[in-house]
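User: I am new to this structure and would like to learn how to read its features one at a time. Could you take me through a few of them?

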Amino acid sequence: MSDTRDTLFRYLTLLQLIPRYPKKMSTPILKEKLAERGFNIDTRSLQRDLSQKLSTQFPIGCDDSQKPYQWYFDRDFQCQLPALDVPSALTLVLAEEYLKGLLPPVVVGQLSPHFTDARRLLDEMNSNGLSQWARKVRAIPNGKALIPAALNEMTWQIVSQALLEQKPVDVVYLSRTSKTKKHFTLHPQGLVSRHSVTYLLATVDDYDDIRQFAMHRIETAALSKATWRPLHGFDLDNYIAGGAFGYLQGKAPVTLVAYVAPQVAWLLSETPLSETQRLTPLSDSNWQQLEAEVPDDQQTLWWLMAMGANINLRAPAAWRETLKANAEQVLAHYQSTLVAQETY
């Protein structure tokens, strides 16, 4: 009885390890991962499990074009262990709506079987009205959301595998600055999704400085034969907090003081600009004074620019001058356009 139970658990563990196509996993890797989970079997037994036992009951494919053989589930295979419940299905439908505006389709597609299961479960519940729920909820990102940059599916598979398994990857990368293709051996350290672009954080060749690579500009990727070079002491949260994605202009925070219109004051009263924010009514006006300690970064400056005439910045003085110069430049553009139209 014990042998039967152990075999059952081994089968379940093996099913969890096999990836969906186009990702594949070789027999030696599957054997190694089973051993990590306490199941030590020989290669012949593992191959028998895969080819004679599991593949007859599940849509498991085998790439036998080269050795070692590579195993994978059919792309559309769906399995829920345990079964999906209603609250989880509702959450998944809302999550899908939100992620579609943030991540490339190929990344969201990794979760498509779960999203499909969630919608199918709700669609089957016509009697209680839950089938209409998915048509009545939407997730709208803050600000103008650009369409996520297109990302090659195989590139995503290889890079994510390299990151998780701590392996270097050889890439051909299209440089935005030089507009040329460059060959690099990258040592992945992290992935960051920012707005509509996903970035790979990696060191290059034998250097130790972190660089950012837009995933959609990686034209080809392959696991490298080079030796993995970890970056000791690297912390993703500290890297982001240091202004890597916020275009930090100064290390110390600054005190922002501004007069804000009623609608902006209402927005900030519900969703503050910072933990130290204070809003004070101005005498003889329906505007309020905003005071908050914020990072000295371009992100905050761009937010102020987007507020336009609804905000009157008082400090910092350097930011005030930047906003003023920007407004003058915008006005000059419109005036030059008007003059050009009058000449016709």
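User: Which residues make the nonpolar surface patch of about 260 Å²?

Analyst: Please keep in mind that this is a predicted model. The patch is made by Leu8, Phe9 and Leu12; of these, Phe9 is found in helix H1, which covers residues 2–17, and Phe9 is partly exposed, with a relative accessible area of 42%.

User: Which residues have the most contacts inside the largest nonpolar core?

Analyst: In soluble globular proteins, nonpolar side chains tend to be buried together. Here the largest nonpolar core has 20 residues, and those with the most contacts inside it are Val171, Leu186, Leu200, Phe213 and Ile218. Several elements each supply at least two residues of this core, among them helix H7 (153–165) and strand E4 (169–174), while E6 gives the most, with five residues.

User: Which residues form an aromatic cluster with Phe213?

Analyst: Phe213 forms one aromatic cluster with Tyr173 and Phe184, and the charged end of Arg211 sits over the ring of Phe184, 5.3 Å from its centre.

User: How many salt bridges does the structure hold?

Analyst: Side chains of opposite charge can pair when their charged atoms come close. The structure holds seven salt bridges, and in one of them the side chains of Lys181 and Glu219 meet at 3.1 Å, N to O. This pair links distant parts of the chain, with Lys181 in strand E5 and Glu219 in strand E8, 38 residues apart. Lys181 counts as exposed at 55% relative accessibility, whereas Glu219, at 37%, counts as partly exposed.

Notes:
Residues are numbered from 1 along each chain as its sequence is written. This is a predicted model: local features need pLDDT of at least 70, side-chain atom pairs count only at pLDDT 80 or more; totals for chains, interfaces and linings use all residues. Side-chain values use heavy atoms; hydrogens and water are left out. Patches are made of residues with over 30% relative accessible area and no salt bridge: like charges are joined within 9 Å, nonpolar side chains (Val, Leu, Ile, Met, Phe, Trp, Tyr) within 5 Å. Accessible areas come from the Shrake-Rupley method with a 1.4 Å probe; for residues, only the protein chains shown count as cover. A salt bridge is a side-chain nitrogen of Lys or Arg within 4 Å of a carboxyl oxygen of Asp or Glu. Helices (H or I, at least four residues) and strands (E, at least two) are DSSP runs, numbered from the N terminus. Buried means under 20% relative accessible area, exposed over 50%, partly exposed in between (1.4 Å probe, protein chains only). Rings of Phe, Tyr and Trp (its six-membered ring) pair if their centres lie within 6.5 Å; planes under 30 degrees apart count as stacked, over 60 as edge-to-face and the rest as tilted. A charge sits over a ring if NZ of Lys or CZ of Arg is within 6 Å of the ring centre and within 35 degrees of the ring normal. A nonpolar core is a set of buried Ala, Val, Leu, Ile, Met, Phe, Trp, Tyr and Cys residues joined through side-chain atoms within 4.5 Å.
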